[in-house]
Amino acid sequence: MQEPIKVVCGMIIIASFFLLTVNAYAAGTKKAPTEKQLIASAMSAAPAKVAKGATIVAMEADGKMRTLREGKNGFTCMPDNPATPGPDPMCMDKNAWEWAHAWMGHTAPAPGKVGFMYMLSGGTDGSNTDPYATKPAPNNHWIKTGPHIMIVGADQSFYDMYPKSADPDTSVPYVMWAGTPYQHLMAPVK
Ligand SMILES: [Cu+2]
């Protein structure tokens, strides 16, 4: 069964994060992937055994969140968002899932809930300074990331160990969205 939080969060995701996906489908610019392709994409974000036990969630063309497969290892994986340029499927633990919903819902992440996320297929291009930027702008420090893992919801003292440059060297660990409630560690794995 889905936990209530996932249902609530799914609504928030529909409202914001995947809007680009819906628009891409609606515009007929992208062909909606099959269920098998969605699951394969989502699973590519994590090591095989983690992905195998994870819950897989994806979005319908009409914007509804759909659980493609129930898991039991505490991880939730989502497929690539086809509206963004690079591959960006992700697998996250429960705390990271809650953190992601706080970000998408513009609410404060719960303190003391450190979460972990895999993005082993890489990350989409994004702004390193604006958590809500959707495209490159002159001053939003748009960056490109390769395969990485993310630590979210940690204390300031944790992030203080790492570079917080607006234009970071993405081949070593760095803090993304530094100084915002959604700062997190990005750590390359290749
Ligand atoms: Cu990431």
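Colleague: Which residue in β5 does M92 stand opposite?
Modeller: M92 faces M117 in β5. This is a predicted model, where local features need pLDDT of at least 70 and side-chain atom pairs pLDDT 80 or more, while totals for chains, interfaces and linings use all residues. Numbering runs from 1 along each chain as its sequence is written, and side-chain values use heavy atoms, without hydrogens and water.

Colleague: How many bridges join β4 to β5?
Modeller: Two bridges join β4 (residues 90-92) to β5, and the strands run antiparallel. Pairing takes at least two DSSP bridges; strands are DSSP runs (E, at least two residues) and helices likewise (H or I, at least four), numbered from the N terminus.

Colleague: And what about β5 and β8?
Modeller: β5 pairs with β8 (residues 148-152) over five bridges, also in the antiparallel sense. F116 has I151 in β8 as its bridge partner.

Colleague: What coordinates the copper ion?
Modeller: M119 (SD), H148 (NE2) and M150 (SD) do, at 2.1 to 2.2 Å. Donors are N, O and S atoms within 2.8 Å of the metal (3.2 Å for Na, K and Ca); water is absent, so sites may look incomplete. M119 lies in β5 and M150 in β8, so the pair ties together parts 31 residues apart in sequence.

Colleague: Is M119 buried or exposed?
Modeller: M119 is buried, at 7% relative accessible area. M150 is buried too, at 6%. Buried means under 20%, exposed over 50%, partly exposed in between (1.4 Å probe, protein chains only). In β5 (residues 115-119), four of the five residues are buried.

Colleague: New topic: which residues of α3 are buried?
Modeller: In α3 (residues 35-43), they are L38, I39, S41 and A42. Seen down the axis, they fall within an arc of 160°, so they line one face of the helix. The arc uses directions from the axis to the C-beta atoms.
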